[in-house]
Amino acid sequence: MKEFLIHPKGNPGPWFIIDTLKKNGFQAYIAGGAVRDILLKKKPEDFDILTNASLKELASLFKGQKIKTMGKTFPICTINGIEISSGRAKFDLSDFPESDLAQRDFTINSMAWDPISKKIIDPFNGKKDLEDAMIRFTKDPEKRIAEDPVRMVRACRFAALINGSFSLSSLELILACRDLLDTSVAKERIHSEIIKAMGLKRPSLFFAALKQTGLLSIIFPSLDRCHGLDGGHHHGETVFEHCLMVGDALSKNLPVLRLAGFLHDVGKFDAAIKKDGSLTFTGHEYDTKAVIQDLERLRFANKDIDYITSLINTHMRPLTEQTTPKAARRLLLMLDKSGLDYGDFMRMRIADKKGNLAKRPYTISQIRIRLKKLFAQMEGQKAFQMNHLKINGNDIIRILGIAPGPDVGKIKQQLFEMVLDNPELNNYNDLKKLCQSLQIKK
């Protein structure tokens, strides 16, 4: 496992730090999430080294390396960007490292590993819980949650990470303490957990865990209310199930787009109308008030809220094998006005189809046909925007001999609509003639 401990930039990394500490008579371990990841045979994203050396001793030992110190209650330092904890459990080193591990959130994160002796210190049976895919708070569950209520959301994220379940005591305690999430946690921290969850293989497990623990109604009430809502005759699953499948079908490398997938149909709750014995959801893509309120409360940036809203607004726009060039141009215009890239539109469309049990996913051939229809209209940057017109407001004023005012904009809009229908008209001479004919009709 030594390959995990080499610094990616070639700087002295975890192995060097641990080796140096042990050669100088100190205890040193890889601790926390890195041990969990190594046992899962995953490459750790970062390392937390635990030692009984003081910060002063660390500064002396690693003079010449890049050292930063931070924190007051539990001071830590980083050496070459690697976090080093100095026996932080009240600085009581009599039963180190167990005293420190007891302060950590879950048993699967409360293990320490000596990569030189290969010894794992596991005072709370974290390895067994990892093998059993069990999420269990460390030592005193009530205290762990009181110390930091956001751990309840982290519990859901780790349950999704290991495709696991909660111990009965952990589940009961989260259900009992869930209101703390609304009263005692900075919303930015919940936001951070959500974005981290979007990087999981199946974030749907995260949302399912939030639902099971009662946290979803606090974090995303717009999605929570869709649980059990019939998807209508076009779907073979509930709205909640559909949203979860669509989100999973999107890339973990595009976290905000992926989140939009999980939220794209929550407006169906507001739009639902029973017609001929079946639910219909006409215009649900524009029922975004509830999801915007959720995103604002979770402190999402305005640009992310606008992006998610635009994806929701446009996800029903048709693009089929029968789509005409005119319809394709209008679609591109709509995407441009919404600030969206055609690629994100297509990703959402593909995922939306994949998450529908009543329909077959798009084939590669079907995707190519749709992309070709868009590419054909994008060549040469045809007139998808008003400023692509080969005539401007001053030209219209001069041609028609009218004064500046609202009529100029109205005439320009009419010309734009004509060019959108027939791009060949986008030249000065044809637009001049059209302009004069509009004036005659007027």
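**Close-up views of a predicted model**

**View 1. The largest cavity.** The largest cavity takes up about 30 Å³, and the search of the whole structure turns up 1 cavity of 30 Å³ or more. A cavity here is a set of points, on a 1 Å grid over the protein atoms alone, where a 1.4 Å probe fits but cannot get out. Its volume is the space filled by probe spheres set on the points, with grid points joined across faces, edges and corners. Lining residues, meaning those with an atom within 4 Å of a point, are L181, D182, K187, I190, I218, I219, R297 and L298. The helices α9 (180-183), α10 (187-197) and α12 (216-219) each give two or more residues to this lining. Helices are DSSP runs of H or I with at least four residues, strands are runs of E with at least two, and both are numbered from the N terminus. Sorted by type, the lining of the largest cavity has 5 nonpolar, no polar and 3 charged residues. For that sorting, Ala, Val, Leu, Ile, Met, Phe, Trp, Tyr, Cys and Pro count as nonpolar, Asp, Glu, Lys and Arg as charged, and the others, Gly among them, as polar.

A note for all views: this is a predicted model, where local features need pLDDT of at least 70, side-chain atom pairs count only at pLDDT 80 or more, and totals for chains, interfaces and linings use all residues. Residues are numbered from 1 along each chain as its sequence is written, and side-chain values use heavy atoms, with hydrogens and water left out.

**View 2. The second largest pocket.** This one holds about 580 Å³ of space. A pocket, unlike a cavity, is an open set of points with protein on both sides within 12 Å along at least five of seven lines. Its lining counts 27 residues, and H234, H235, M316, D352 and K359 are the ones nearest the centre. The lining of the second largest pocket splits into 6 nonpolar, 13 polar and 8 charged residues.

View 3. R349 counts as buried because its relative accessible area is 16%, where buried means under 20%, exposed over 50% and partly exposed in between (1.4 Å probe, protein chains only). Between R349 and D270 there are 79 residues of sequence separation and 22 Å of space, C-alpha to C-alpha. Look also for K353, which lies over the face of Y362 at 4.1 Å from the ring centre. To count as over a ring, NZ of Lys or CZ of Arg must be within 6 Å of the ring centre and within 35 degrees of the ring normal. R157 does likewise with F158, at 4.9 Å from the ring centre.

**View 4. Aromatic pairs.** The whole structure has 8 aromatic pairs. Rings of Phe, Tyr and Trp (its six-membered ring) pair if their centres lie within 6.5 Å; planes under 30 degrees apart are stacked, over 60 edge-to-face and the rest tilted. F106 and F137 make a tilted pair, 5.1 Å centre to centre with 45 degrees between the planes. This pair links distant parts of the chain, 31 residues apart: F106 is in the loop between α4 (98-101) and β6 (112-114), and F137 in the loop between β8 (134-135) and α6 (141-147). Both F106 and F137 are buried. F206 and F207 pair edge-to-face instead, at 5.5 Å centre to centre and 70 degrees between the planes, and both are buried too. F206, F207, F220 and F262 belong to one aromatic cluster.

View 5. Most residues other than glycine have a negative phi, and most peptide bonds are trans. F96 and P97 are joined by a cis peptide bond, with omega about 5 degrees; P97 lies in the loop between β5 (82-86) and α4. K41 is not a glycine, yet it has a positive phi of about 60 degrees. K41 is in the loop between α2 (33-39) and β2 (48-51) and is exposed, at 73% relative accessible area. K139 has a positive phi near 60 degrees as well. Its place is the loop between β8 and α6, and K139 is exposed at 63%.
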